[in-house]
Amino acid sequence: MSKNKKIYIAGHNGMVGSAIWRTLIAKGYTNLIGVSSKDLDLKNQQDVTNFIAKEQPQVIIDAAAKVGGILANNNFPYQFLMENMQIQNNLLDSAHKLGVEKFLFLGSSCIYPKMAPQPLKEEYLLTDSLEPTNEWYALAKITGVKTCQAIRNQFGKDYVSLMPTNLYGTHDNFDLNSSHVLPAMMRKFHEAKENNNAPVTLWGSGTPMREFLFVDDMAAAVVFALENKLPDYLYNVGTGEDLTIHDLATTIQKIVGHQGEIIWDASKPDGTPRKLMDISKMHDLGWKHQVNLEDGIAKTYAWFLENIESFKELKYS
C-alpha cells in the first residue's frame, strides 16, 4: 500500500476513527481525508455521493456509526437500525459506483446469535436469533457485512468487514446515557471516589463474560487489513480472552482508586451471557493484539483525567 494513497476515514473524530488516523500518520501515510458530521451528513445519500465524487479516495475506512450501550439501544431502536443502515449504505453504494478500489467496513461482535457456540466463529453469522437488547444495531451491521460480501462476490472488489469485540480506550464516550459498559463503569467509579468513596450501583448480576480490545490494537488491525489483501470477506478482531463483568468492575475500581461498595442491580438486563471471539483467522494471517486489559484501562483512565473538563455533565463534590 503506497503511503500517499488517498484514504477517507468516515468517523475520523470518533474513538475508533481517531485511533486509525493516529496510527496511519505514525506509519507515514500522508493523504488522509476526514470531515466532521457537521460538514457532511453521512445519512444524506446525495451529499455522500457528491463528496466521494469530488474527493475521489482510493480507499474508504468506515468507522462511522451510531453506537451505544443497552440503554440507548432499548430506547432508540429505530435510530439504531435506520441511521446505521443509511450511513453504511450511502458509503458502500457510492464507493462501489464511483470506483473506490478498497473498502474496510467496521462492525461489532453483536452481529452473532445470542446463544451461538463459544468462541464466536465467523461462520456462525445468521445461524440463530440475535440478542434482543441490541438487535437493531446488529441487524444494521449485518446488512453492511452482507453488502460488502455481495460487492466482493459479484464485482471482485477488495471490500472487507472487520468485526471487533468490545472496544475501549482514549476518546471513548463517557456519557452515562449512551456509553458502553467499560467507560460507564470508569466514570461511575471516578465520581464515587470523588464523592467520599460512595457506593457504586452497576447493572445486572455481574456474571456475563465479555472480551475487550484496546482501540489502538483495533487501529493496528485496520492498518493490517489495509496493507494486505485479505482472502475472505469477514474477520473477527479481538484478544481471544474474556472475563466476567464482575471482574471487569473490580479491575476498573482498583485502577481508578475507588474504595467503596459495589452494588449489583439484578433487576437490570445482563445481555448476552458470553461473547468471546474466535480470532484464529486474523492470527493465522499474522495480526495479534499488543495491549493487555489492565494497561489499556490505565491508559484510558489517564486520558479521562487529562480531558476531564470536556465532560460537561461530570459533577464533583
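The largest nonpolar core of this predicted model has 39 residues. A nonpolar core here is a set of buried Ala, Val, Leu, Ile, Met, Phe, Trp, Tyr and Cys residues joined through side-chain atoms within 4.5 Å. Buried means under 20% relative accessible area, exposed over 50%, and partly exposed in between (1.4 Å probe, protein chains only). Tyr 8, Leu 42, Leu 91, Phe 103 and Tyr 112 have the most contacts inside this core.

Several elements each supply at least two of its residues: strands E1 (7-10), E4 (102-106) and E5 (158-164), and helices H2 (45-55), H4 (77-97) and H5 (135-155). Helices (H or I, at least four residues) and strands (E, at least two) are DSSP runs, numbered from the N terminus. H5 gives the most to this core, with 6 residues.

Now take Leu 42. Contact means heavy atoms within 4.5 Å. Beyond its neighbours within four places in sequence, Leu 42 touches Tyr 8, Ala 10, Val 48, Ala 64, Gln 86, Ile 87, Asn 90 and Leu 91. Another core lies apart, with 32 residues, including Met 15, Leu 162, Met 218 and Ala 221.

Next, the cysteines. The whole structure holds 0 disulfides, a disulfide being a pair of cysteine sulfur atoms within 2.5 Å. For Cys 110, the nearest cysteine sulfur is that of Cys 148, 16 Å away. Cys 110 is buried, at 5% relative accessible area. Cys 148 is also buried, at 0%.

Residues are numbered from 1 along each chain as its sequence is written. In this predicted model, local features need pLDDT of at least 70, side-chain atom pairs count only at pLDDT 80 or more, and totals for chains, interfaces and linings use all residues, while side-chain values use heavy atoms, leaving out hydrogens and water.
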